[in-house]
Amino acid sequence: MAKAKKESDSAVLDAACAPEWTEILKQMIFIRRFEEATEREFRKGKIGGYLHVYIGQEAVASGIVGALQKGDAVFCGYRDHAQALSLGSDPNRVMAELFGKGTGVSKGKGGSMHLFDVEHGLYGGYGIVGGHLTLAAGAAYAKRYQGSDSVVVCYFGDGAMNIGSFHEAMNMAGLWGHQGMCPIVFVIENNGYAMGTSVERHSALTDLAARVRAYDIAGEKVDGQDIFAVRGVADRVVRQVRETGKPYCIEAVTYRFSGHGAADILQPYRTKEEVEQHRHRDPINILRKRLGEVCGLTDDDVKAMDEWAIERAANAVKFAEESSQPAPDELFADVVAEHGPRPVSEDERE
Amino acid sequence: MPETTYIDAITQAMSEEMARDERVFLIGEDVGAYGGAFKTSYGLLDKFGAERVIDTPISEIAIIGAASGAALMGMRPIAEMQFLDFITCGYDILVNFAAMNSYLFGRACPIVVRGPAGGGTHGGPYHSINPEAMFLNRPGLKIVAPGTAYDAKGLLKAAIRDDNPVLYIEHKYLYRRIKENLPDDDYIVPIGKANVRRRGKDLTIITWGAMLYVADDAADELAKDNVSTEIIDLRSIVPFDEDAILESVAKTNRVIILHEAPLTGGAGAEFAARIAEKAFDYLDAPIKRIAALDVPTPYSPPLEAAALPDKTRVLQAARELLAY
């Protein structure tokens, strides 16, 4: 894997002791504890279907989302819990969605891979790899068309770069960027694997950021384990994209400590040593250490954050457990939108 | 208004809706500078500018996807497939993203995906599709298929104003063969409502699209033998007008379902099943389906004519039913 450059944006470093960074650490610890709770509930059979957690990649969600403002829109793939939580979705309702309950952010009809919360700027986790890139490009065009200065952020994994929709979306975004009509930040969550197939085995060119150059989209790599680096790049890039209306691509080089999904126990495609080696670069520890060294954050401070995070995750589980199943008539609700000027459905005729 | 062709009715619908509503834009291959492969969007670029008449690369996934994403942001895009055959490239986005967003997220994607379909023009196997059946089993998507200039305009306007994704199937054989006097005033044709094209009492033909005219010819022929044929122009495939079908079957007791797509697994199978389930007692004879043969549409004009349904096959079926 090509080396990601370190961001040494002084504004970021100078602000390292700002209370905001403590909040970011708290949020990342919470995402970690939330994800651990989902894994436990999956093993207990409380969460069904498929579950993909963000453990190890937290800085990529927190770091980019932190650079956004109200009105910006986020699209992502199926590993979407961290984006929802970073954007401020109610953790209770996110957990409830994983439990398939009526109080979930998608009313229990989407599940883990399909979180949606427009109020907080989340326009979907999507369970089919890559398709959402095209939606995000169109959303960015619409933002400019409407005269808004909002930007769209589109997360996707390294594996998504090999499906046709990636190429079509990138080319169209590149073209629209020429007219300043595509304010979108593409974020490659390069965690080294498309499920169990490594980047070296799935991408002919392993320098992923370089691949978007073919579509006249500028891009760069960032160390996705270092929240300072991610946030530094994100602040600069989001500002630039907002001003120019041109797409930009950030390749966040990261690593997932958990399996691909909750059923990926054996992980025969990688060694334990490899995982251990990456665990030394845990994004939470990197931030924690920095705040300790530079800002005097104590172990007790961190312990208090952790207890808060554990309790909050437990409360989310409790909320999800105690929530009702979706109402039976929810089965038929919203198959088609019924509030339009002229939708005549079979139901209406009866 | 002077006589308007089917294709001009489509252009007018787009133009009027774009003038009425700034959220409406057109996106597709060669829809702008070229004016559309069939000139369906000719003149729209001059009228509305390149931000609203968007030429794209050959990228059906991104055309339908970008339209869907813009729709999520409150727009009302029309996505053109240069030929509806090519919609298979963007199938995933239409059925898995656009059609499901409302159900999963409570936020529908109001897009219209439209383009030329149908055979009879010697387009060969990749330029002759009647695609409705492969979308019939995907809840969340509406499907319309006009067979007249009046409906072409009214249904397209209804589709653009609808809050859901609508697949609008236009029949290219009819583009310049059909001409009608259209109302001067704004009108729509409601989605989900069939049109009783001809009233009769002995036999019902349920059909849509270009097959209307095959049904007309057959009915004219049958009238010479004093057989009175009712023709139901379905116009909407999803949702379809079940009441209109059942009422007609209850009246005539004999039914032919006529469509241009191949027989097996065609939309007609669904309609036949509904009639069997809900109107069995009214039937005096088996339900007949007349459709294309189960072959790709061949280029050779005589082979194509043999593959597609025609008056002779409809008449044969009708006479069998009447003699049953």
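**Rings, charges and a parallel sheet**

A:Lys26 lies over the face of A:Trp308, 4.5 Å from the ring centre; a charge sits over a ring here if NZ of Lys or CZ of Arg is within 6 Å of the ring centre and within 35 degrees of the ring normal. The model is predicted, so local features need pLDDT of at least 70 and side-chain atom pairs count only at pLDDT 80 or more, while totals for chains, interfaces and linings use all residues. Residues are numbered from 1 along each chain as its sequence is written, chains are lettered from A and ligands numbered from 1 in the order in which they are written, and side-chain values use heavy atoms, with hydrogens and water left out.

Now for the sheet. Chain A has an open sheet of six strands in the order β2-β1-β3-β4-β8-β7, with parallel pairing. Helices (H or I, at least four residues) and strands (E, at least two) are DSSP runs, numbered from the N terminus, and two strands pair if DSSP finds at least two bridges between them. At the edges are β2 (122-125) and β7 (218-223) of chain A, each pairing on one side only. From one strand to the next, the twist averages 15 degrees. Helix α3 (residues 58-65) of chain A packs on the sheet and touches β3 (152-157), β4 (184-190) and β8 (248-253) of chain A, contact being heavy atoms within 4.5 Å. The direction of α3 makes about 170 degrees with that of β3(A); axes are lines fitted to C-alpha atoms, for helices over the stretch in contact, and angles run from 0 to 180 degrees between N-to-C directions.

Strand β1 (residues 73-76) of chain A runs parallel to β2(A), joined to it by two bridges. In β2(A), A:Leu122 is the bridge partner of A:Val74.

Over all chains there are 26 aromatic pairs. Rings of Phe, Tyr and Trp (its six-membered ring) pair if their centres lie within 6.5 Å; planes under 30 degrees apart count as stacked, over 60 as edge-to-face and the rest as tilted. A:Phe75 and A:Tyr123 are stacked, at 5.8 Å centre to centre with 20 degrees between the planes. A:Phe75 is in β1 and A:Tyr123 in β2 of chain A, so this pair ties together parts 48 residues apart in sequence. A:Phe75 is buried at 0% relative accessibility, and A:Tyr123 is buried at 7% (buried means under 20% relative accessible area, exposed over 50%, partly exposed in between; 1.4 Å probe, protein chains only). A:Tyr123 also pairs edge-to-face with A:Phe116, the centres 6.1 Å apart and the planes at 80 degrees. Ring pairs link A:Phe75, A:Phe116, A:Tyr123, A:Tyr126, B:Phe97 and B:Phe105 into a cluster.
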